[in-house]
Amino acid sequence: MKVRTRLAPSPTGDPHVGTAYQALFGYAWAKANGGQFVLRIEDTDQERSSKASEKAILDSLKWIGIEWDEGPDVGGSFGPYRQSDRLHIYKKYIDQLIEEGHAYPCFCTKERLDGVRKKLIEEKAPNRGYDRLCRDLAPAEAIQRMEAGESFVVRMKIPLEGDCVFKDLLRGEITKDWASIDDQVIMKADGFPTYHLAVVVDDHLMEITHIIRGEEWINSVPKHVLLYKFFNWQAPEYCHLPLLRNPDKSKLSKRKNPTSINYYRKAGFLPEALLNYLGMMGWHMPDGSEKFTIQDMIKNINLTDISLGSPVFDRDKLRWLNGKYIREDNTVAELTDKLQEWALNPSYIRRVTEVVSSRLETLADWGYFTAMFFSDSVPVTEELLTVKNMETSEVLELLQVTIWKLEKVRDWTSSNISQALKEVSELFELKLKALTTPLYGAICGSKIAPPLFDSMEVLGSDICRTRITAAMNVLGGLSGKKLKKLEKKYRA
RNA sequence: GGCCCCAUCGUCCAAUGGUAAGGACACCGGCCUUUCACGCCGGCAAUACGGGUUCGAUCCCCGUUGGGGUCACCA
């Protein structure tokens, strides 16, 4: 059996452990069948996609030990492997759909759509989607308006009634009624395709046989199946993996858990342990052993054996597994090498030393001042986070907004960090010191510490944000309700 | 809210139409040990609920409840 699987990440942020999770299963399944594993970059969102994110994703996948046979960096005979380089291909298929009457241009403005949506919600209509105003536009009028330069998107014609039945490898047949799906946009006003069109065209052209991805996609399968039908193509097998969860069972999110692969790397986890841990989410070795390699997985995997209860990502168990790898699979010499690669290398030591040098009276002071640069978390107490004349709740809000602000810092340098923090303090009409005080506590775990912004730069964005979140938990955290309110207030 | 998906210890993963429901993490106790950790031994702890089908259901069916996802010119 020829098997080709793919990982199709969108380069819009930090490399996510969920991406590695999907990659692991896709890769293992392809290799178990002597097939290929393809990496395709889905950068059809011009606003949010970035080359930096793409690079980060490729780097972290390589770090964790996933390799791809075809991809934007290695090429392959089904390229290009970046969707923004495939626009001409999508164009052809979109034109074809319009021509055959399966899709139509829609001239509705964003304002009109918002209004329609609002009204439908008020009316408690079962379907809150698009009202299909442009669906029955006379072709002549549509052409005229397009030629007049009016902005438009292209929508696919979803059947007005009946059911869509499709098969998921893990769940069996799933039925969804067409009436609950609105006429999906397949080409945006900027001429870029949306995910739904691009994914179908690419998976077909790249001869993908199994789509292994997260469960959040189940509801859009009917749109994809319909496109396959329009094009008269054979749809691949669908295998929707359970979603990794936070301890509170919601979808794993950076709000509640470190989700960036880079965090785990920086925090001193071994790639093989992380990968192994991901492998035991929903799957197990036939003999029940918990420590296994990706090769073991390849030898034993069967997609239908994956269990469906969405697993909670448990950092304690990951730590335990990681410890097992450290002590069972490494000699002291090997461990020393790994430590050097991780942080005890001249370049990192130099950066750290630069930050603390002015505080040293003896060389031995170095160890005292730099411990925070070589650890995952830091010992935070409530007292360290306390600011004079400020309520705990206000400190919490301050820290939360700081995290949001820091997430947006593209180039993680001391001066950009400083700028971001100044903006936060201005937003709260506070002196910068009111912000840096709890931050020192959160980041350094001490009042005696090297300069904050420089330290943050050296530590990196992932560790910093994780430490701030941890500090917030020490203070009791923000309730979901308060968080929402705050988000509304500051996030616009 | 509509729709879709899911449901075994707190967590991860097993098992079977007839079971003492098993292993791992975490937690607790003990042993080992100069401490801690590791290791070893032991303990706590689950089939969400209600109906069916069946001689017998944790397992099959239906309902309820609960959880999650999804309803964008984001993927």
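## Salt bridges

How many salt bridges does the count come to? In this predicted model, the count comes to 36 salt bridges. One of the pairs that meet the rule is formed by D114 and R117, whose closest N and O atoms are 3.7 Å apart, a separation that falls within the 4 Å limit used for such a pair. Both D114 and R117 belong to helix 4, which covers residues 110-122, and they are three residues apart, which corresponds to about one turn of the helix. Side chains of opposite charge can pair when their charged atoms come close.

## The surface near RNA strand B

RNA strand B has 46 residues around it, and among these K176, K188, E215, H284 and E290 come nearest. By residue class, the surface near RNA strand B consists of 16 nonpolar, 10 polar and 20 charged residues. Strand 4 (153-156), strand 6 (172-177) and helix 11 (315-329) each contribute at least two residues to this surface, and the largest share, four residues, is the one supplied by helix 11.

On the RNA side, 76% of the atoms of RNA strand B within 4 Å of the protein belong to sugar or phosphate, while the rest belong to bases. In the case of M280, a polar backbone atom is 3.2 Å from a sugar or linking oxygen of RNA strand B.

## Helix 13 and helix 19

The axes of helix 13 (residues 346-356) and helix 19 (residues 452-459) come within 9 Å of each other and cross at roughly 170°, and the two helices are therefore roughly antiparallel. Their contact is made by Y348, R351, V352 and V355 on the side of helix 13, and by D454, S455, E457 and V458 on the side of helix 19. The residues of this contact divide into four nonpolar, one polar and three charged.

## Helix 1 and helix 9

Helix 1 (residues 17-32) and helix 9 (residues 271-279) have axes that come within 10 Å and cross at roughly 75°, which makes helix 1 roughly perpendicular to helix 9. Where they meet, helix 1 presents V17, A20, Y21, L24 and F25, and helix 9 presents L275, L278 and G279. The residues of this contact comprise seven nonpolar, one polar and no charged.

Terms used:
Residues are numbered from 1 along each chain as its sequence is written. Chains are lettered from A and ligands numbered from 1 in the order in which they are written. This is a predicted model: local features need pLDDT of at least 70, side-chain atom pairs count only at pLDDT 80 or more; totals for chains, interfaces and linings use all residues. Side-chain values use heavy atoms; hydrogens and water are left out. A residue is near a molecule or strand if one of its heavy atoms lies within 4 Å of it. A polar contact is a pair of N or O atoms within 3.5 Å; within protein, one must be able to donate a hydrogen and the other to accept it, and residues adjacent in sequence count only if both atoms are side-chain atoms. Ala, Val, Leu, Ile, Met, Phe, Trp, Tyr, Cys and Pro count as nonpolar, Asp, Glu, Lys and Arg as charged, and the others, Gly among them, as polar. Axes are lines fitted to C-alpha atoms, for helices over the stretch in contact, and angles run from 0 to 180 degrees between N-to-C directions. Angles under 35 degrees count as roughly parallel, over 145 as roughly antiparallel, 65 to 115 as roughly perpendicular and the rest as oblique. Contact means heavy atoms within 4.5 Å. A salt bridge is a side-chain nitrogen of Lys or Arg within 4 Å of a carboxyl oxygen of Asp or Glu.
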